[in-house]
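Here is a short briefing on one structure. Please keep the model open while reading.

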Amino acid sequence: VGVSYAGFIAPLLANKCQGCHSGANASGNIRLPTYEEVRTQALNGKLYGSISWQTGYRKMPEGGAQFSACFQHKIKAWINAGMPQ
């Protein structure tokens with residue numbers, strides 16, 4: 001079963017990321033409340049690079065434990081599938 005933005009990514013980001021990455025004062029000036037904004041971060045590599053703690057990216061969540069392998073896999077699967085809405 002494919003991973004879609006509406007079915008998985010949006011609720012996950014709302015729960016895990018939007019507390020810091022939304023509004024006028026979004027952390028790092030990275031906003032994640034809309035599909036287009038999330039897609040931009042996926043295309044530039046920052047979304048997956050940050051959540052998977054790759055070298056050269058800021059580790060997210062900042063100051064917290066690394067996201068589960070399942071969480072990371074679903075984000076990567078969504079990106080690899082072309083970021084379906």
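This is a predicted model: local features need pLDDT of at least 70, side-chain atom pairs count only at pLDDT 80 or more; totals for chains, interfaces and linings use all residues.

Residues are numbered from 1 along each chain as its sequence is written, and side-chain values use heavy atoms, with hydrogens and water left out.

**Nonpolar core**

- The largest nonpolar core has 20 residues. A nonpolar core is a set of buried Ala, Val, Leu, Ile, Met, Phe, Trp, Tyr and Cys residues joined through side-chain atoms within 4.5 Å. Buried means under 20% relative accessible area, exposed over 50%, and partly exposed in between (1.4 Å probe, protein chains only).
- Y5, I9, V38, L47, I75, W78 and I79 touch the most other members of this core.
- Two or more residues each come from α1 (5-16), α2 (35-43), α3 (46-51) and α4 (69-80). Helices (H or I, at least four residues) and strands (E, at least two) are DSSP runs, numbered from the N terminus.
- α1 gives the largest share of this core, five residues.
- Beyond its neighbours within four places in sequence, L47 contacts V38, Q41, A42, I75, W78 and I79. Contact means heavy atoms within 4.5 Å.

**Packing of α1 and α4**

- The axes of α1 and α4 are 11 Å apart, at an angle of about 135 degrees. Axes are lines fitted to C-alpha atoms, for helices over the stretch in contact, and angles run from 0 to 180 degrees between N-to-C directions.
- That angle makes α1 oblique to α4. Angles under 35 degrees count as roughly parallel, over 145 as roughly antiparallel, 65 to 115 as roughly perpendicular and the rest as oblique.
- From α1, the residues Y5, F8, I9, L12 and K16 meet F71, K74, I75 and W78 of α4.
- This contact of α1 with α4 comprises seven nonpolar, no polar and two charged residues. Ala, Val, Leu, Ile, Met, Phe, Trp, Tyr, Cys and Pro count as nonpolar, Asp, Glu, Lys and Arg as charged, and the others, Gly among them, as polar.

**Loop between α3 and α4**

- F67 is in the loop between α3 and α4. F67 counts as buried because its relative accessibility is 10%.
- Setting aside residues up to four places away in sequence, F67 touches K16, C17, I51, M60, P61 and Q72.
- F67 and S52 are 15 residues apart along the chain, and their C-alpha atoms are separated by 7.5 Å.
- T55 is also in the loop between α3 and α4. Its relative accessibility is 82%, so T55 counts as exposed.
- T55 and S68 are 13 residues apart in sequence, and 18 Å apart from C-alpha to C-alpha.

**Backbone exceptions**

- Most residues other than glycine have a negative phi, and most peptide bonds are trans.
- The M60 to P61 peptide bond is cis, with omega near 0 degrees. P61 is in the loop between α3 and α4.
- N29 is not a glycine, yet has a positive phi of about 60 degrees. N29 is in the loop between α1 and α2, and counts as exposed at 67% relative accessibility.
- W53 is not a glycine either, and has a positive phi of about 60 degrees. W53 lies in the loop between α3 and α4, and is partly exposed, with a relative accessible area of 28%.
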